[in-house]
Amino acid sequence: MSTAQTPLHKVQGMGSSHSGTGHFWRERITALALIPLSLWFLFTMLGMAGASVVTPAQFFQHPWNGALMAAFVSFSLYHAALGLQVVIEDYVHTAGTKIFSLLAIRGALLACWIVSIFAILRITVS
Amino acid sequence: MADNPQRPQATARPLSPHMTIYRWPVTMMTSITHRFTGVGLTVGAVILAWWLVCVSNGIDGGYGTFMAVASTPVGELILFGVTWSLVFHFLNGIRHLAWDLGFGFDKKLAERNSVIIFALSVIGALAVFATAWTGHGGYLK
């Protein structure tokens, strides 16, 4: 036996990392999408400084604005999940704690996403 | 378990410098700050979710409470921190994408860009808050 790699991993071109460049690539694609979305978000929030609830409620009733907000929240939280995964993998070295932390983070971010999207839809239809 | 008699004597070996005794290069500062601001922005996403829920509740649905909390000194400090985190992570993130394409690895250039990003992020965050405080925000009202 000249190598410790399993035939499957050899075929997939993957070593002990168990995965390829998928994580790296998704992090970059979401980052790219967040460049215009973040600028839009910042200028939108600044435009609502000191406003009553009527301003954001009317603003996000417009389908374009609601959709852009949904996109910003979705890309942000997906990007955050990928980033926090790396942070945990870097600092948590016990297998059990690591799996628990990764699941907890993903669960929390998924909950945050569901709440945000539901709120946006609720504003749109109200 | 008994000590391995053949274990080499591990004394007086030179150690690689640890983080605590390193003179931190500015590129190291931007690297750790990128991670720090990323975690901070996740907290910001939770605040944003809370804000969206308040807006969806309509009048008297918690929006007033949110604004009251946000306008306390601690609330403003947190909002400023999230704003600065967004500007920093935005600027340094663009630099990361440039690095991925192979640009900006020159040592002097990377150090200069790090200082520029730190400066611009503070200026950007201050500009956002100055615009709001001087009443130039709120143009969507």
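These are my notebook entries on the contact between chains A and B and on one pocket in chain A.

**Entry 1: the model**
I am working from a predicted model.

**Entry 2: the A–B interface**
I started with who touches whom. On one side 43 residues of chain A make contact, and on the other 34 residues of chain B. I then looked up the area buried between the two chains, which comes to about 3,100 Å². Carbon and sulfur atoms give 76% of that. On the chain A side, the residues losing the most area to chain B are A:Leu42, A:Leu46 and A:Val53, together 18% of what that side buries.

How many salt bridges does the rule find across the interface of chain A and chain B? I got 2. I noted down B:Arg35 with A:Asp90, where the closest N and O atoms are 2.8 Å apart.

**Entry 3: which parts of chain A face chain B**
Four helices of chain A each give two or more residues to this side: H2 (22–47), H3 (54–59), H4 (63–91) and H5 (95–125). H2(A) gives the most, with 13 residues. Sorting this side of chain A by class, I have 32 nonpolar, 8 polar and 3 charged residues.

**Entry 4: the second largest pocket**
Next I turned to the second largest pocket, with a volume of about 240 Å³. Which helix supplies the largest share of its lining? It is H4(A), with 6 residues. H2, H4 and H5 of chain A each bring at least two residues to the lining. By class I count 7 nonpolar, 3 polar and 2 charged residues there. The lining includes the charged residues A:Arg26 and A:Arg106. Also on my list for this lining are A:His23, A:Ser74 and A:Gln85, along with A:Tyr78 and A:Trp113.

Definitions and conventions: Residues are numbered from 1 along each chain as its sequence is written. Chains are lettered from A and ligands numbered from 1 in the order in which they are written. This is a predicted model: local features need pLDDT of at least 70, side-chain atom pairs count only at pLDDT 80 or more; totals for chains, interfaces and linings use all residues. Side-chain values use heavy atoms; hydrogens and water are left out. Contact means heavy atoms within 4.5 Å. Buried area is the accessible area (1.4 Å probe) that two parts lose on being put together, summed over both. A salt bridge is a side-chain nitrogen of Lys or Arg within 4 Å of a carboxyl oxygen of Asp or Glu. On a 1 Å grid over the protein atoms alone, a cavity is a set of points where a 1.4 Å probe fits but cannot get out, and a pocket is an open set with protein on both sides within 12 Å along at least five of seven lines; lining residues have an atom within 4 Å of a point. Grid points are joined across faces, edges and corners, and a volume is the space filled by probe spheres set on the points.
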